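Take a moment to look it over, and then we can walk through it together.

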Amino acid sequence: MNFLNLFQGIGTMFHQEPSIVILRIVLIFFGGLLVYLGKKGTLEPLIMIPMGIGMIAVNAGMLFLSGGHIGNLIIDPLLSSTDDLMKYMQINFLQPVYTLTFSNGLIACLVFMGVGVMCDIGYVIANPFVSITIALFGEMGTILTYPIARLMGLSSGAAAATSIIGGADGPMVLFASLKLAPAYFVPISIVAYLYLSLTYGGYPFLIKFLVPKSIRGNNVTHRKTRHDVSSGQKLFFAVAICAVLCLLFPVGAPLFLSFFLGIAIRESGIVKYVNLIQEVFLYGATFFLGLMLGVLCDAKTLMNPIVLKLLVLGMLALLLSGIGGLLGGYFVYFIKHRNFNPTIGIAGVSCVPSTAKVAQREVAKINRSAFILDYALGANICGVITTAILTAVYISVLG
Amino acid sequence: MMTLLVPLQVIGIGIVVSYGIASLIKGLDVCVRRFSKADEQ
């Protein structure tokens with residue numbers, strides 16, 4: 001028996017183009033690096049550990065399929081005909097998960113429902129205008145990346161989907177790329193999640209660079225707290241905002257419904273549903289999200305030249321949004337006659353609750369008694385709402 | 001020019017809708033507080 005036919009993971013390397021083989025090997029080591037950085041806590045472990053292992057398995061586990069094709073028994077994201085889909089759903093073990101939860105946006109909506117359950121809308125109700133203002137500034141990357149992406153040769157749909165990476169909201173990027181650029185859904189999602197997990201590590205440097213120590217420890221006085229708002233009021237607000245947003249942007253209705261349903265369940269106090277969504281849906285969806293992103297990273301998919309452009313644009317979008325958020329913090333700081341901490345601005349970038357925690361942590365390093373988490377969470381939750389609004393507008397305008 | 005038009009349109013609508021939502025929250029908040037005060041009295 002031929003050695004290369006017996007050990008087909010190695011054998012396929014001798015039958016593929018050298019560039020693909022090199023990328024396969026690089027991705028196997030890169031997957032290992034993601035697992036290591038996830039374990040270390042540098043990157044988000046909930047996504048990176050399943051993603052890293054998935055990346056290793058899909059690039060190592062290539063084999064010869066019928067007709068001399070080279071593929072794997074895990075997933076084929078490029079299937080389009082119904083016959084092929086039905087056939088491969090019974091062959092590739094993750095194909096059903098991809099087809100029935102990933103490519104229709106269900107997994108994004110489940111994550112969004114979980115985000116809703118985690119969000120206390122009381123922070124927004126306490127300071128709606130401040131929170132919305134910061135969140136809108138935090139969308140700078142979502143807006144400014146679009147023309148740059150178009151200049152770099154991306155189609156309008158792909159440019160918009162890439163720009164939404166600036167909103168720092170994973171489910172939103174998945175949803176937008178499915179609607180606006182289904183052909184680039186895989187690379188855009190991979191780039192988005194790779195960078196999103198970096199915000200936790202990268203934004204503190206941006207804060208240190210843009211907010212001087214003298215004002216980074218500012219506390220906010222004369223504040224209105226979320227304790228003034230009852231859970232009945234919060235539920236009422238969630239229902240009203242959900243209805244208005246669904247009326248205005250039916251294209252974003254799945255996201256609005258998922259997010260506000262999460263909030264409504266939290267405020268209704270249905271503990272069993274809260275536990276179901278938070279412990280089962282959210283963690284289950286995040287696990288499969290990480291694993292799917294990993295197995296979608298096969299060398300052939302990433303050989304697409306657009307990936308390089310997406311890597312540049314994704315980083316630019318998040319950088320611009322971070323800068324925009326801090327500018328928003330400064331804007332409110334001057335409007336409120338310096339009774340504000342501009343660091344809160346970073347929380348306008350809606351990576352719930354990471355950026356709010358980053359803001360509080362950086363402020364506490366300078367002034368241990370300073371507490372800005374309430375304002376930061378308000379801006380954070382409004383960031384989710386504004387990103388959902390801008391995503392829906394992009395889809396409505398370009399769709 | 002068309003390239004710039006899309007993001008301007010998006011942020012324009014985004015600002016109007018976002019502040020609309022903030023105003024709605026503020027308005028409802030004021031109403032809810034008035035009603036609860038009246039109930040207490």
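Predicted model: local features only at pLDDT ≥ 70, side-chain atom pairs only at ≥ 80, totals over all residues.

Setting aside residues up to four places away in sequence, Ala161(A) touches Val173(A), Ala176(A), Ser177(A), Leu180(A), Ala181(A), Tyr184(A) and Ile188(A).

Next, look for helix H7 (residues 106–118) and helix H12 (residues 170–180), both in chain A; their axes come within 9 Å and cross at roughly 155°. Because of that angle, H7(A) is roughly antiparallel to H12(A). The crossing of the pair H7(A) and H12(A) is left-handed.

Which residues meet there? From H7(A) come Ala108(A), Val111(A) and Phe112(A), and they meet Gly170(A), Pro171(A), Leu174(A) and Phe175(A) of H12(A). The residues of this contact between H7(A) and H12(A) comprise 6 nonpolar, 1 polar and no charged.

Gly170(A), which lies in helix H12 of chain A, deserves a visit of its own. Is Gly170(A) buried or exposed? Gly170(A) has 26 other C-beta atoms within 10 Å, so it counts as buried, the cut-off being 20 or more. Apart from neighbours within four places in sequence, Gly170(A) is in contact with Val111(A), Ala192(A), Tyr193(A) and Leu196(A). Pro254(A) sits 84 residues from Gly170(A) along the chain, and their C-alpha atoms are separated by 15 Å.

Chain B has 1 helix and 0 strands. The C-alpha trace of chain B spans about 60 × 5 × 5 Å along its principal axes. Of the 41 residues in chain B, 24% are buried.

Where the two chains touch, 26 residues come from chain A and 21 residues from chain B. On the side of chain A that touches chain B, H21(A) gives the most, with 8 residues. The elements of chain A that give two or more residues to that side are listed here:

| Helix of chain A | Residue range |
|---|---|
| H8 | residues 122–126 |
| H9 | residues 128–137 |
| H10 | residues 140–151 |
| H15 | residues 231–248 |

What kinds of residues form the side of chain A that touches chain B? They divide into 21 nonpolar, 3 polar and 2 charged.

Definitions and conventions:
Residues numbered from 1 in each chain as written. Chains lettered and ligands numbered in written order. Axes fitted to C-alpha atoms, helices over the stretch in contact; angles between N-to-C directions. Helix = DSSP H or I, 4+ residues; strand = E, 2+ residues; numbered from the N terminus. Parallel < 35°, antiparallel > 145°, perpendicular 65-115°, else oblique. Left-handed = near helix turned anticlockwise from the far one by under 90°. Contact = placed C-beta atoms within 7 Å. Nonpolar A, V, L, I, M, F, W, Y, C, P; charged D, E, K, R; others polar. Buried ≥ 20, exposed ≤ 12 C-beta atoms within 10 Å, placed from the backbone.
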